[in-house]
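The model is shown below.

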Amino acid sequence: MEVLKIATAGSVDDGKSTLIGRILYDTKSLTSDKLEAIEKTSKQKGYDYLDFSLATDGLVAEREQGITIDVAHIYFSTQTKSYIIADTPGHVEYTRNMVTGASTSQAAIILIDARKGVIEQTNRHFFINNLLRVKEVIVAINKMDLVDFSEDIYNKIKADFETLMEKRDYQDQNITFIPVSALKGDNVVHISKNTPWYKGQTLLEHFELLDTEDVYNVGTPRFPVQYVIRPKTEEFHDFRGYAGKVYGGELSVGDVVVALPSQTKSKIKEIYLYDQSYQTASRRSSVTITLEDDINVSRGDMLVKVDDLPTIDKQFTATISWMDSQHLVTGNKYVLQHGVNKVLAKVDAIHHKIHPDYSGIEEHISALGMNDIASVTFKLNKTIFFDPFKNHRTNGSFILIDSQSNNTVGAGFIQ
Amino acid sequence: MIKDTSKVNPLENEAIYIIREVAAQFEKPVLLFSGGKDSITLVRLAQKAFYPAKIPFPLMHIDTGHNFPETIAFRDRLVKELGLELIVRNVQDSIDEGKVKEESGRYSSRNSLQTTTLLDAIEEFKFDACIGGARRDEEKARAKERIFSVRDDFGQWDEKNQRPELFDMLNGQIHLGQNVRVFPISNWTELDVWSYIERENIEIPSIYFAHTRETFLRDGLIWSSDDDVVYRDENEVVEERLVRFRTVGDMSCTAAVLSDAADIASVVQEIRDSTISERGARIDDKRSEAAMEKRKQQGYF
């Protein structure tokens, strides 16, 4: 089974919820009771069309204000794939939700209102999806029905966006442009007769043809140990298994591995998933590994291949996305969670703030506020084993936790 | 030996990862078990997460006293077979102690009363993490739920102040008195659960399959009249119908659906073809448009 997770980004009123509702409707994923509820509410509001945005706008506060305030997850499936859409809000103050949604997605839809074209918000949405290295980006130029399905307008917006693309850091990101009308259904699931000049695929066709494995980060195998399994039963008296998930690449029986931080060498003896044993643990699989030698490995340690060590250090510089109303100031201490490993981190220096609209950087910064993105150096109380984010999406990222509130207050991408 | 794990369901990999994080990050986790298909799936995933060791936490059932007898019998058998620890706390006790008041009338149900019993049990055992089988596709308030969802001392959900969850990283740090509700199958759909049950050959209570039952109609839904739990008006006519249950909650709030799906393969096919959502047969969600959101804020699952 293939699962594709897609993040959506768009400004208020770009029609994001309508687009998702349209996808659900045209793929016949809206059940009759949900459709009934949408018909009823649309009628109550006096609309002469179906307000599909009602399919996703879940919370009472949102219905009152008519905006999406948090990440919502929407599910549908086709014969080919299971889809998860992370619907993230587009307004300026909710950068943190967009970062969150993009972090777990392999594809993203950036919505542009054809009447407005590329606006400052579009820059931000693109910046964040590029920063988070989301492999596939669809630029959906929406509300084409309101600009008479004009090819010129579509081309103008596409050209503007391409200018923006020159500024991107992650060049290998695949970007596809599609003219759509979410409200009327053009080029969403069904190809439109109104855009004869458009020779590409519909939004759904594009996703259907994506290779979900290809969009995952292929790196070098990293196996952070989550939990040590010791049954202590008669049958499994000496069993000592390391439970975890394989990130990047794969691990096989017989591979020579090094346990970090002890740097002790051993060989993979068995790979289990439940009561089945496997020759190879593929990337993203949750398995239990046993080693030939009885070495000391505990939670937070990492197994890696002997010829492929990550950086082992107590200091690094990262691009961080700050998500808390309490400011980040030089000298502040946080709990830094890197995978399943937790250490203490001190803010050593804030180098500069990065404007997520591609308008440049700002130096001599003393504090970071909610939604700021900045380059920051951290010093740690213990070594961690990391890769640059550009090489390894999982082993190059971390979160910051405030030890007073216990909240997740920031996310970082190691440079 | 099987060649590699690339064909393993990505949702299963994710759920096992989450369950292991619970065992590693918390001191007193518990798995909330209702006897329904979602919690039965969770038990299988937990077995897989820790094999060959036993599941390192107990199961807890908040028994409304209005469960289908088939569910209770199934629960007891499963626990015995797997050698698991089961804690049962009864809504009836909360009623007897005067902590909650039984509803009366046509739509009366003990469903919302469970919250008090659950919160009391969490406090009694000092559970810091409760694993549940809720899924985001079930209901729109649940679509916004986190995988690790922090609840305050009163068990309340603050939907506006949820922790962002990035990549695979789950932040389980909490203050004393708080607890976390954990949803390992957040990203599964109803069809995903059924397909998994089919592929893994997991046993489930018989009421999920087609059987004849004494029923009556109300508001277009089919209710069981086999027992005295469900309130029935004099003029509501009892008839025998071939039905099954698509979701197994309380008898008082779970309606049956007409079905001849007698085995798991036909159930999967039925779900695939279905145009009614699962919770469409749950009267507890129909009380108002925001019914689930309100219950969740009060500490319901």
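## An aromatic cluster in chain A

Phe126(A), Phe127(A), Phe161(A), Phe177(A) and Tyr358(A) form one aromatic cluster. The model is predicted, and the contacts described here are computed from it.

## Aromatic pairs

Over all chains, the count comes to 28 aromatic pairs. One of them joins Tyr154(A) and Tyr198(A). The geometry is edge-to-face, with 6.4 Å centre to centre and 75° between the planes.

Is Phe50(B) buried or exposed? Phe50(B) counts as buried because its relative accessible area is 1%, under the 20% cut-off.

## Charges over rings

Lys245(A) places its charged end over the ring of Tyr17(B), 5.3 Å from the ring centre. In chain B, the charged end of Arg244(B) sits over the ring of Trp194(B). The distance to that ring's centre is 5.7 Å.

## The sheet of chain B

Chain B holds an open sheet of 6 strands, in the order β4-β3-β2-β5-β7-β6. The pairing is mixed. Which strands form the edges? They are β4 (86-90) and β6 (148-151) of chain B, each pairing on one side only. From one strand to the next, the twist averages 30°.

Strands of a sheet pair through backbone hydrogen bonds, either parallel or antiparallel. Strand β3 (residues 59-63) of chain B pairs with β4(B) in the parallel sense, over 5 bridges. Met60(B) stands opposite Ile87(B) in β4(B).

## Helices on the sheet

Helix α1 (residues 10-25) of chain B packs on the sheet. Helix α1(B) touches β2 (29-32), β5 (129-131), β6 and β7 (179-182) of chain B. The direction of α1(B) makes about 40° with that of β6(B).

Helix α3 (residues 69-82) of chain B lies across β3 and β4 of chain B. Relative to β3(B), helix α3(B) runs at about 165°.

Notes. Residues are numbered from 1 along each chain as its sequence is written. Chains are lettered from A and ligands numbered from 1 in the order in which they are written. This is a predicted model: local features need pLDDT of at least 70, side-chain atom pairs count only at pLDDT 80 or more; totals for chains, interfaces and linings use all residues. Side-chain values use heavy atoms; hydrogens and water are left out. Rings of Phe, Tyr and Trp (its six-membered ring) pair if their centres lie within 6.5 Å; planes under 30 degrees apart count as stacked, over 60 as edge-to-face and the rest as tilted. Buried means under 20% relative accessible area, exposed over 50%, partly exposed in between (1.4 Å probe, protein chains only). A charge sits over a ring if NZ of Lys or CZ of Arg is within 6 Å of the ring centre and within 35 degrees of the ring normal. Two strands pair if DSSP finds at least two bridges between them. Helices (H or I, at least four residues) and strands (E, at least two) are DSSP runs, numbered from the N terminus. Axes are lines fitted to C-alpha atoms, for helices over the stretch in contact, and angles run from 0 to 180 degrees between N-to-C directions. Contact means heavy atoms within 4.5 Å.
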